[in-house]
Amino acid sequence: MPAFQSKKFRPSGEHTVGSRYRALMNRRPFLTFGLPFIAVIIAGSFVLTPATAIRYERHDRKVRQLTKDEELGVRRSARRVNMKDEYYRLAGRDLDDWEQKRVERLPGESDGILR
């Protein structure tokens with residue numbers, strides 16, 4: 001028996017789809033990988049363009065620039081606000097009827113008045 005056989009060794013998985021694709025990739029890489037890849041990217045851009053347009057239209061409806069007339073109308077119909085009343089309302093206390101109280105001190109503690 002000779003050391004090198006005249007027949008090429010063929011593994012059992014030679015006829016699978018993956019092996020055929022690998023062989024085609026070696027022969028024509030652009031046609032088997034590059035062209036389908038570019039086609040998927042272009043098709044995706046066509047599919048996603050309307051969705052992106054809808055997203056931007058929604059954003060534009062939320063944030064839009066007011067004309068001068070609209071801006072003036074907004075200010076006229078605004079509620080009049082007294083800043084002092086708003087401050088006390090937000091503070092959450094009724095400051096009209098308060099009384100001053102001295103804090104009781106512990107025995108021997110200074111009351112803070114210098115004599």
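Reply: A charge sits over a ring if NZ of Lys or CZ of Arg is within 6 Å of the ring centre and within 35 degrees of the ring normal. The model shown here is predicted. In this model the charged end of Arg-55 is placed over the ring of Tyr-56, 5.8 Å from its centre.

Me: In which helix do Phe-33 and Phe-37 lie, and how many residues apart?

Reply: Both belong to helix H2 (residues 29-62), where they are 4 residues apart, about one turn of the helix.

Me: What is the relative accessible area of Phe-33, and what is that of Phe-37?

Reply: Phe-33 has a relative accessible area of 46% and is partly exposed. Phe-37, at 48%, is partly exposed.

Me: Which residues form a nonpolar patch on the surface?

Reply: Phe-33 and Phe-37 are among them, together with Tyr-21, Phe-30, Leu-31, Leu-35, Ile-38, Ile-41, Ile-42 and Phe-46; the patch has about 1,100 Å² of accessible area together. H2 gives the most to this patch, with 9 residues, and Leu-31 is found in that helix.

Me: Which residues does the UniProt annotation "transmembrane region" cover?

Reply: According to the unreviewed UniProt entry, the annotation covers residues 30-54. In the model this span is 100% helix and 0% strand, and its end C-alpha atoms lie 35 Å apart.

Me: What pattern does the protein chain follow along the sequence, and what share of its residues is buried?

Reply: The protein chain has 4 helices and 0 strands, in the pattern α-α-α-α. Buried residues account for 3% of its 115 residues. The accessible surface of the chain comes to about 12,500 Å², with 58% belonging to carbon and sulfur atoms.

Conventions: Residues are numbered from 1 along each chain as its sequence is written. This is a predicted model: local features need pLDDT of at least 70, side-chain atom pairs count only at pLDDT 80 or more; totals for chains, interfaces and linings use all residues. Side-chain values use heavy atoms; hydrogens and water are left out. UniProt positions are given in the numbering used here, feature names are shortened, and annotations may be inferred rather than shown by experiment. Helices (H or I, at least four residues) and strands (E, at least two) are DSSP runs, numbered from the N terminus. Buried means under 20% relative accessible area, exposed over 50%, partly exposed in between (1.4 Å probe, protein chains only). Patches are made of residues with over 30% relative accessible area and no salt bridge: like charges are joined within 9 Å, nonpolar side chains (Val, Leu, Ile, Met, Phe, Trp, Tyr) within 5 Å. Accessible areas come from the Shrake-Rupley method with a 1.4 Å probe; for residues, only the protein chains shown count as cover. A salt bridge is a side-chain nitrogen of Lys or Arg within 4 Å of a carboxyl oxygen of Asp or Glu.
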